[in-house]
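Biologist: Could you take me through how strand pairing and burial are read from a set of coordinates, using the example shown here?

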Amino acid sequence: MSVRSPVQHSHSFDSRSSISFLLSPSTPRPRPASRLASLPAPVLSRIAAAVVLSSPRKHPSALVPLLRTCRAVHNALAFDANPALYNLLFRATFDYAALTRRYAWMIEHLADVAGRGRNIFDLFSQPRSWAIDYRTRWELARRMRLTIALDRLPADGLAGDLWNAWFLLTENDGNNIRFLEDECRFARWIVIYYRDSMLKDSLVPGYPRETGEKALAMWCALLSGTDVQAEETPAEVDEKIFILRPYVFACAKYDITYAPWHHRRLPLCRPGCTEHEPDLTLRSKALPYNRFGNLWLRAPPHFILGAYLGFLRLLERQPSRVGLKAGSSRFTDTQGPGLFGHGDVMASIHHDREWQRNSVCQDPHTSPGLPPMTFRGEIEGFWRGKFLFYDFDSYRRILAGNMRGVYTGTFAEQVAEMEFRETVIRVRTTEVGGHGPLLCAGFSDDEDDDEQARIEAGYGHEVVSGDEPDDEGWTKEILITGRCRTSWGWARVRGRVRSWDGLVIIALAYSKHAMGRWLWRGYLHAGGYMIGRWRDTFTAEALRGYEGAFGMLRAGDSFYPSHFPKRMDESAGVDPKSEAGYFAFPARATPAATSTSTSTSALDSSASASSSRVAQAPADPNAPMSSDVTDAGSQSPPRTQTEDLARPAPASNTAEPAPNHPPAREHLARVVDRERVLGKRKNEAEHERV
């Protein structure tokens with residue numbers, strides 16, 4: 001078999017860093033027979049393996065002197081003739097426990113899926129498959145070293161290199177990360193990728209592309225802790241911010257889900273479905289890659305979610321250069337490292353769920369999806385996090401096409417604390433996702449004080465432990481209840497997990513008014529992260545709403561700081577910092593001249609009472625809430641009406657307007673009057689139509 005390097009260059013390395021001799025099909029010049037040739041093949045293979053594994057780098061070039069002893073030894077140890085030797089070297093050089101564990105999962109969950117069979121799974125038991133992967137990884141190291149030596153990316157093969165790096169990281173149990181650091185020099189390679197690929201693409205007019213290759217690069221940098229590279233000078237930091245900003249703040253341009261969030265039941269087409277035509281707006285996210293000598297398909301991890309996490313980490317390292325608005329809220333106990341400051345490399349078992357999701361959530365039409373209990377027990381507990389947002393007017397101008405605001409506008413950061421409880425119910429497959437509005441996470445729009453108790457009692461369904469087998473036509477679903485605390489006050493939490501891909505949908509209710517409700521949607525990721533977007537609930541599902549990024553971290557998981565509280569009752573709460581320029585829960589900016597007191601003269605007594613609850617949790621987490629839209633904070637509610645989002649924003653060449661917003665009471669009165677007028681017009685139009 002003839003093997004050629006994917007990239008041809010005039011430069012080359014010495015034989016100590018190349019395996020071209022091992023991969024060459026040429027026959028060496030005749031030499032006198034060595035005594036080694038008389039040894040049995042298994043013994044000779046053991047000797048060869050010992051030679052490689054006892055060398056300082058465990059590099060296969062250590063075999064070159066042995067291969068040159070004579071033709072018989074060369075033929076006995078050549079790659080094509082002895083795949084068992086290179087299978088042995090793979091298992092001694094790289095981590096493979098994750099491969100064995102995930103192979104068993106595939107046997108259990110995918111063996112009966114249409115289009116798959118035992119032949120694919122049998123490939124893992126063939127020594128040649130492992131030998132091919134051994135060769136591929138050393139070729140990866142050679143290509144990355146060559147890229148560093150030439151200080152430029154190759155013309156092709158990048159996607160394959162990034163797939164291999166991603167597998168090395170998600171299968172790492174100690175050996176793989178050393179290979180990436182010492183042999184591939186990945187930390188230096190990823191800087192060149194940032195410069196020659198991501199930065200170059202960001203300089204093209206228009207919004208930059210979202211690609212699977214970028215997704216792999218972003219997540220490889222995050223998982224390896226190399227996202228901190230290229231930040232030695234202010235110019236380098238500014239370049240990284242410039243790259244990430246459009247992905248973080250241009251929410252209407254980029255998706256974050258494996259299937260649209262408003263689909264309750266997936267896949268859309270069961271095997272053999274002939275009821276409807278495919279939805280052409282839903283495309284498969286799967287990308288091809290070569291591994292084990294075969295072509296495979298897999299959905300890469302979501303790039304936008306990786307950009308969110310990378311930006312939140314960058315925000316903690318470089319708060320003065322990112323464009324953060326002064327006066328954002330913070331946790332009262334802020335001593336020590338920040339929430340997103342950890343970047344340690346994780347063991348492979350923490351990546352299993354993401355690997356499973358990438359395997360079975362490629363196409364919303366036909367992919368089988370995850371088992372319904374994949375994330376059971378992964379949501380319950382105490383969470384801390386942050387969310388980012390522009391003020392509403394700036395966001396509306398971005399929707400109208402103002403790209404300058406995306407790159408140069410200042411934004412606000414707010415902190416949040418949430419406490420979740422899980423309830424597993426047994427439900428018919430036709431009733432998954434609930435019957436209520438999706439903007440209420442599938443629950444009733446009329447929430448009352450007993451709503452959480454009804455959810456924890458099953459919401460009309462049988463509560464089960466989750467271990468019971470499912471009958472035909474039945475499945476299980478995870479429901480979520482709890483409470484949330486932000487600088488806007490306390491909110492009730494209702495939610496559920498879309499089992500197909502593990503999308504967590506959480507409805508927060510600060511009041512019974514639609515403007516006091518928000519919808520959070522995100523995915524759980526390795527290390528205890530939940531990354532996603534918040535959204536207003538006043539805008540219809542099909543329209544582009546007021547949105548922003550959020551990131552949460554669960555207490556007790558890998559990266560949760562040890563000095564942070566582990567339960568809501570132990571937390572000192574959120575410091576709202578009522579001062580000029582401060583933004584509460586995603587809302588319009590307050591007037592510049594305000595007092596540093598936690599209450600303002602513009603709000604009524606109920607709002608002031610609610611604001612005082614920020615510093616201390618109520619004894620009853622389900623305490624009744626005021627129906628006033630300004631019930632939970634010291635800021636005016638955001639103007640998130642559908643007509644505001646749809647109406648073109650006024651032309652402006654500035655990134656942000658001068659803050660000149662009315663007090664909360666006057667603004668709310670205008671909103672109510674406008675809704676009353678719109679309702680009257682709607683009734684008149686309906687009467688004329690009849």
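**Reading strands and their surroundings**

Modeller: Eight bridges join strand S10 (residues 517-525) to strand S11 (residues 529-536), and the two run antiparallel; please keep in mind that this is a predicted model.

Biologist: Which residue in S11 is the bridge partner of His-525?

Modeller: The partner of His-525 is Tyr-529, and in the hairpin of S10 and S11, which has three residues between the strands, Gly-527 takes a positive phi near 95°. On the S9 side, six bridges join strand S9 (residues 503-509) to S10, again in an antiparallel arrangement, with Ala-509 having Arg-517 of S10 as its bridge partner.

Biologist: Why is S10 described as largely enclosed by the rest of the structure?

Modeller: Burial means under 20% relative accessible area, and nine of the nine residues of S10 are buried, so the strand is largely enclosed by the rest of the structure.

Biologist: How many residues of strand S7 (residues 474-486) are buried, and with which residue in S7 does Arg-421 stand opposite?

Modeller: Twelve of the 13 residues of S7 are buried, and Arg-421 stands opposite Thr-481, within an antiparallel pairing of S7 with strand S5 (residues 412-428) over 13 bridges. Thr-481 also stands opposite Arg-494 in strand S8; S7 and S8 (residues 489-498) pair in the antiparallel sense over nine bridges and form a hairpin with two residues between them.

Biologist: Which residues have the most contacts inside the largest nonpolar core?

Modeller: That core has 167 residues, and those with the most contacts inside it include Trp-189, Tyr-308 and Phe-420, while helix H14 (residues 303-317) gives the most to this core, with ten residues. Tyr-308 touches, among others, Tyr-247, Ile-256 and Ile-531.

Terms used: Residues numbered from 1 in each chain as written. Predicted model: local features only at pLDDT ≥ 70, side-chain atom pairs only at ≥ 80, totals over all residues. Heavy atoms only, no water. Buried < 20%, exposed > 50% of the residue type's maximum accessible area, 1.4 Å probe, protein only. Helix = DSSP H or I, 4+ residues; strand = E, 2+ residues; numbered from the N terminus. Pairing = 2+ DSSP bridges. Core = buried A, V, L, I, M, F, W, Y, C linked by side-chain atoms within 4.5 Å. Contact = heavy atoms within 4.5 Å. Lists of a residue's contacts leave out its neighbours within four places in sequence.
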